[in-house]
Amino acid sequence: MSTSLTTPERDPDLHTPLGGVSLTAGQLPRGAAPGTLVAAAVAGLLLWLLAGWAVVPCALLAAASYVVIVYTWSRAVEGPRKATDRFVTALVSGAFLLALLPLVSVIVTVVSRGAARFDAEFFTNSMLGVTGEGGGIYHAMMGTLIITGLATLISVPIGMLTAIYLVEYGRGKLAKAITFFVDVMTGIPSIVAGLFAYALFVMMFGPGVRMGLAGAVALSVLMIPTVVRSTEEMLKLVPNELREASYALAVPKWRTILKVVLPTALAGIATGVTLAIARVIGETAPLLVTAGLTDGDNFDPTDGRMTTLSVFSYYEYQSPGLFAEASFDRAWGAALVLMIIVMLLNLVARVISKLFAPKTR
Amino acid sequence: MAKRIEVKDLDIYYDKFLAVQGVSMTIQPRSVTALIGPSGCGKSTFLRTLNRMHELVPNARVEGSVVMDDDDLYGPNVDPVNVRRQIGMVFQRANPFPTMSIYDNVAAGLKLNNKRLKKSDMDDLVERSLKSANLWEEVKDRLHKPGSGLSGGQQQRLCIARAIAVQPEVLLMDEPCSALDPISTQAIEDLMLELKANYTIVIVTHNMQQAARVSDTTGFFNLQGVGKPGELVEIDETTRIFSTPSQKATEDYISGRFG
Amino acid sequence: MASSTEAPPRKNRVPRRPGDRIFAGVSTGSGVLILVALAGVAVFLVTEAWPALTAPAEDIPGGQGLVVYIWPLLFGTLISAVLALVIAVPLAVAIALFITYYAPRSIAKALGYIIDLLAAVPSIIFGLWGMNVLAPVTVDPASWLSQHLGWIPFFAGPPSSTGRTMLVAIIVLAVMVLPIITAVVREAFTQTPQLHQEAALAIGATRWEMIRMAALPFGRSSIIGASMLGLGRALGETMAVAMVLSASAGGITFNLISSENPPTIAANIALQFPEATGVGMHTLIASGLVLFAITLVVNMIARAVINRRKDFDGAN
Ligand SMILES: Nc1ncnc2c1ncn2[C@@H]1O[C@H](COP(=O)(O)OP(=O)(O)OP(=O)(O)O)[C@@H](O)[C@H]1O
Ligand SMILES: [Mg+2]
């Protein structure tokens, strides 16, 4: 800081502290904002319970009045900058709560509607010969398991090897092209993946073909890019020093990759693969056009139609049987099973990445 | 064990960038050769050409020759993997394999190459290597715990044990003590003095006292200027380099008048 | 920096071990297989769509040719996806801001997981939820909208009595793409240089001013890229739309709350495919080809925008 001696009176603002600004000046009293929030919420509740308004307008009104009161109050006491800050805080927190609504609603609905059919018959029987009540999803669970399993068997080796190519070998145009198209593949709509598998199998087996394997191929198209991406990410995290340490021990490159790089990245890769499975296991559209639906057990993926949980749930709802309620119950039941599977897979993925990550420190 | 390395007119490139130019030197067996010089002059680069780690960098290459006893390391049909089997390396930052136990880290050189050894022979080898690296007493009760649980100095000695477990002819060390406290440094310096009875050791260091303490021969690398390649200014007995160097640049550098 | 030695680069013929050669070959092969598969997607779709492209207009379902068949579907696809985005993007940015800057540090990560859970819910479940829970809820507000805001084309009415309208489809789509956009934007926000944030705070900025000065400019291209990614997902979403709109059919209209809605390409395929044969089937595949092309373009733009930011990241 150079102090100018020639013009001390010209710019006093820059050379002397403002002074006189109290550090506690212009603040809303503590608890002002939460208090207003509670008041607004109570008012909303009263309108809903006593005045008999609908829920949505009550909530909207409560939220809006909170925002308006806090904003004007703060503007008067703290000034416009602080007021804007409070306004945005309210907005942003509100957005988060709003996003939780559908999640909570979905979970509550699926659990309450789906629980009706959580009986032994539901998990051990198929739909063979069932037109009214009863029946089960055994065939659909097996179908989901088989098709997803096959898709995993196809996707994991291809996806992992591609990631290895990209990280450990890939240079130049080919690697660039593969990276780019893997990205593009991530965005293929699932129905298009289904049409692709269908078209492929039509070439081999003729029009109207339906089989589990085609469903697995369709799911693989969706799964491979996810596996590539997550494996690639994990391989890149493996420090180069470990590769060098291995090379310095005279270990050839391919063994270094297999024995040092992959084991180090394994937890991360397993997490990624689990999440990829979770993503495709609930797919409906591609299986609708490739694997179709059948009432009985078919556990041979190369032989005709094969039911999966999602497709089963869809048809039970879309074209209910004699007792529509029984069909709807089955649809929700299957949806709940699917949801539990997906949530479990997500949980497993988190646990894997927590527990089995190598301690680098 | 322990072989002589003869380097002749070595030029080292990163793609088109000539990093080190015209190095010729002889590295004596059963001795410690120290390489010193300012940052960026190419010491690490040079060291990594001695066991062909340099070419792992895309488009990196060398010209000239490196001959170990009678074998040209860069001769046609020489497998770099076999070169590294005979010339081991210890890195600046300790890098034990995080997925392996202490025991497995030491045995890694053999296990990764799928050499099957009897359990008792393997135990014996691990114990001998750890003893050579002065680590045995500290870890013998937790051989099957992860190697990453050790202290920095212990990890570095573990890496030395790992390097000597495959019984190389030559041991290259790139600033092995730069991340360590004085006591761990002392332990590793003592270790070097013991190991040189059997090995040819080349060490890169920024610590001139360390070079003076442990090495028999010292080579001084320098840069002519920014963007110019690094070069070997002189190499001589350590006592002579630190008392009566023949080059002005060397004298300036070791007396701290560098710049 | 290039030195001027004209020595020809010595080709060092390193003998490659068979293990290395095989392993490198197999992994390269996998990468190439992906390229081939993607080309295959295009080729097979074109082959299977070809009969519809060449068929006389009266053979196409509807009897007026392929363009007339696909155009309303395309319109439905675009309007539902774009409007879903209009809802989802501001929400996603707000949620990302909330998690990164407003929520307590200790639970921020957990909140991120919760939003990610939304992405994990299968679309069939969103479909069931949309038609059973959301649709009935919208009936009253929709009639209110048509009464009071009917002059806006979106709310012209007459309102549907079941609530299975374009509006519900759009809301469901918005909920489904929300976590995708949030994830990408949140990533960008967490990478906002600490230096910029502290620089803003050090001159006395409020939290919101800091966000406006440091976080939003830094995250802008990510927000754009993420929106495109979400758009790609919304364009291709099938089951949720198919289930919500299955009961309705209609032509091109901006009216979101009536029971006459244009379906989307993806939903139409899912609804018609099980019964389709012959030219009908080829027509559906042709519409799928159109969808594929659109999502391809959208995703390419998205990636290009997101990757361009990566170049400036500094982290590698
Ligand atoms: N992977 C690489 N690609 C391109 N140039 C490199 C690479 N590694 C090193 N260089 C360059 O080669 C020259 C020598 O680097 P080197 O790491 O060998 O120096 P050093 O003497 O070991 O320095 P320090 O004492 O800091 O470790 C430097 O100009 C450096 O920028
Ligand atoms: Mg170095």
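**Salt bridges**

Begin with the salt bridges: over all chains of this predicted model, the count comes to 21. A salt bridge here is a side-chain nitrogen of Lys or Arg within 4 Å of a carboxyl oxygen of Asp or Glu. Side chains of opposite charge can pair when their charged atoms come close.

Select R81(A) and E209(C). They form a salt bridge, and their closest N and O atoms are 2.8 Å apart. R81(A) sits in helix 4 of chain A and E209(C) in helix 7 (residues 207–236) of chain C, so this pair joins two chains. Helices (H or I, at least four residues) and strands (E, at least two) are DSSP runs, numbered from the N terminus.

Before moving on, note how to read the labels: residues are numbered from 1 along each chain as its sequence is written, and chains are lettered from A and ligands numbered from 1 in the order in which they are written. As the model is predicted, local features need pLDDT of at least 70, side-chain atom pairs count only at pLDDT 80 or more, and totals for chains, interfaces and linings use all residues, while side-chain values use heavy atoms, with hydrogens and water left out.

**Chain A against chain C**

Now show chains A and C together. How many residues does each chain bring to the contact? Chain A brings 77 and chain C brings 79. Contact means heavy atoms within 4.5 Å.

The size of an interface is often given as the accessible area lost when the parts come together. Between chain A and chain C, about 6,900 Å² is buried, and carbon and sulfur atoms give 79% of that. Buried area is the accessible area (1.4 Å probe) that two parts lose on being put together, summed over both.

There is 1 salt bridge between these two chains.

Colour helix 4 (residues 80–114) of chain A. This helix gives the most to the side of chain A that touches chain C: 19 residues.

**Chain B against chain A**

Switch to chains B and A. Here 31 residues of chain B meet 21 residues of chain A. The buried area is about 2,100 Å², with 62% from carbon and sulfur atoms. Look for 2 salt bridges across this interface. One of them joins E241(A) to R93(B), with the closest N and O atoms 3.4 Å apart. There are also 5 residue pairs in polar contact, both at pLDDT 80 or more.

Next, pick out the elements on the chain B side. Those that each supply at least two residues include helix 3 (102–111) and helix 6 (152–165).

**Ligand 1**

Finally, zoom in on ligand 1. Which of the 13 residues around it come nearest? They are S39(B), K43(B), S44(B), T45(B) and H206(B). A residue is near a molecule if one of its heavy atoms lies within 4 Å of it.

Select S44(B): an N or O atom in its side chain is 2.6 Å from an oxygen atom of ligand 1. Then try C41(B), where a polar backbone atom is 3.3 Å from an oxygen atom of ligand 1. For Y14(B), a polar side-chain atom lies 3.1 Å from a nitrogen atom of ligand 1.

Last stop: helix 1 of chain B. This helix gives the largest share of the shell around ligand 1, 3 residues.

Definitions and conventions:
Polar contact = N/O pair within 3.5 Å; in protein donor to acceptor, adjacent residues only side chain to side chain.
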